[in-house]
Amino acid sequence: MRSIKIGVLGLGNVGAGVLRILREHAQTLEQRVSARIEVKRVLVRDLSSRREIETPEGLLTTDASAVLQDPEIAVIVELIGGTTAAKEMVEQALSAGKHVVTANKALLAEHGEELFQRAQEVGCELLFEGAVAGGIPVLRAIRHGLASDRVQRICGIVNGTSNYVLDKMTREGLGYAEAVSKAQAAGYAEADPSLDVGGVDAAHKLALLALLSFGKRVALDSIFVEGIESVRDYDLAVAKDLGYVVRSLAIASREAEDALRLRVHPVLLPRDHVLAGVHGAYNAVLVESEALGRSMYYGQGAGMMPTGVAVTSDIMDVARTILAHRAGETIKEDDASQVSPLASVVGSPMDSLEHANYVCVHVAHVSGVLGRVATILGAHGVSIAKMRQDHPEGASHARLVIVTEVVSEAAMAAAIAEIERGDDCVEPTVRIRFMESED
Ligand SMILES: NC(=O)c1ccc[n+]([C@@H]2O[C@H](COP(=O)([O-])OP(=O)(O)OC[C@H]3O[C@@H](n4cnc5c(N)ncnc54)[C@H](OP(=O)(O)O)[C@@H]3O)[C@@H](O)[C@H]2O)c1
């Protein structure tokens with residue numbers, strides 16, 4: 001039996017999942033690849049750390065060069081995370097002519113340009129299915145299943161932590177802080193959850209989805225990002241009354257041949273929208289393509305075994321490529337690292353978008369405040385579709401909830417800024433966009 005030797009960088013959550021799948025599904029993998037995939041060395045930071053999986057004597061090392069410089073190792077699987085050491089090690093692996101599999105979205109979102117280019121120069125693959133939506137094979141679906149179609153729009157729930165928090169707040173009436181604590185206790189959120197709830201993690205994944213869907217690298221700083229931190233249980237309860245649920249969505253759309261708009265923000269979805277039914281830490285990606293129309297990919301977006309499956313399937317793909325190459329075939333040219341050249345674009349700004357909005361203004365109990373808010377909205381051309389005022393018992397202030405008609409981003413932002421300049425405004429205003437009407 002032929003054998004392909006791999007080196008794994010990192011034996012945390014995902015690393016342990018990969019080793020378990022390689023061990024427990026070894027026979028299936030051997031049959032499907034027609035070769036044995038052998039883990040030769042595994043790099044860790046601390047040999048004495050407790051592991052989720054037992055490893056044979058001598059497998060673990062703290063010496064990166066023992067993995068990266070081993071001539072027998074053909075594939076490096078980067079699972080240490082972060083963007084500094086991981087970048088150096090991926091560069092070293094590629095320079096040594098080794099193929100790379102990674103689940104590191106931050107690394108690719110920030111340094112993808114140079115890493116994909118390097119992979120191309122040295123004729124190696126750089127695969128990353130585990131980096132987006134964990135175990136859901138959405139990148140494979142776009143790369144292979146939709147290869148003959150033209151993707152127009154992607155709209156997804158790609159951060160399980162944010163979805164878990166919003167879902168707990170909606171279904172159990174929890175406050176934001178309590179829902180985040182539950183997510184941490186359940187292992188869905190990091191001790192510092194800011195990358196997740198702030199939307200940055202979703203933006204990284206969206207950039208990778210756009211790369212494969214549109215063949216363009218979008219500058220990260222041109223992605224509009226708004227987290228879920230300011231959404232309160234009150235807003236979700238009102239949304240529920242109105243027949244909506246709030247989800248944090250990552251949306252990429254083709255505005256014109258060379259113009260893409262990428263954004264991550266909370267959205268009010270009608271209760272019967274297909275993404276409104278995505279609960280807990282699950283992920284779902286809705287793809288709209290010219291010929292197929294809508295298709296949806298749903299499943300567990302993170303975790304040891306789901307992400308382990310995605311990474312191991314990438315390892316199998318690379319193994320097949322290596323075997324084909326050894327057999328004298330040319331390396332296939334359908335992976336991101338092989339799609340050349342990829343243009344970089346700056347994402348279109350939000351200004352030209354139009355939405356209806358939910359706005360909750362927190363105001364002091366003073367006379368005339370309702371009139372002031374309504375006058376400001378009118379002055380900015382924001383029409384009011386619905387309005388309601390609550391005076392929660394014991395609260396020192398009132399909540400004005402306004403549902404606007406469809407209005408431009410610029411007008412809505414200017415109106416809120418002016419409302420918030422008033423002395424009667426006691427807390428930050430919450431504004432959530434409704435999903436555009438064509439959705
Ligand atoms: N967890 C998920 O569900 C998930 C889902 C999708 C993608 N990902 C991505 O997968 C990657 C790995 O995530 P994870 O959750 O498995 O991380 P993790 O549990 O923190 O594990 C990281 C591993 O890397 C090792 N490591 C870190 N820095 C190192 C360094 N400089 N040199 C040597 N070893 C180092 C650590 O060694 P020690 O154990 O000795 O400290 C640890 O074994 C990340 O890029 C993450 O974004 C994770």
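Colleague: What should I know about the model before reading it?

Modeller: The model is predicted, and local features need pLDDT of at least 70, side-chain atom pairs count only at pLDDT 80 or more, while totals for chains, interfaces and linings use all residues. Residues are numbered from 1 along each chain as its sequence is written, and side-chain values use heavy atoms, with hydrogens and water left out.

Colleague: Is strand 4 mostly covered or uncovered?

Modeller: Strands are DSSP runs of E with at least two residues, and helices are runs of H or I with at least four, numbered from the N terminus; buried means under 20% relative accessible area (1.4 Å probe, protein chains only). In strand 4 (residues 73-78), five of the six residues are buried, which leaves the strand mostly covered.

Colleague: Which strands are joined to strand 4 by bridges?

Modeller: Two strands pair if DSSP finds at least two bridges between them. Strand 1 (residues 3-9) runs parallel to strand 4 and is joined to it by five bridges, whereas four bridges join strand 4 to strand 5 (residues 99-102), also in parallel. Val75 in strand 4 stands opposite Ile6, and Val75 has His99 as its bridge partner in strand 5.

Key:
Buried means under 20% relative accessible area, exposed over 50%, partly exposed in between (1.4 Å probe, protein chains only).
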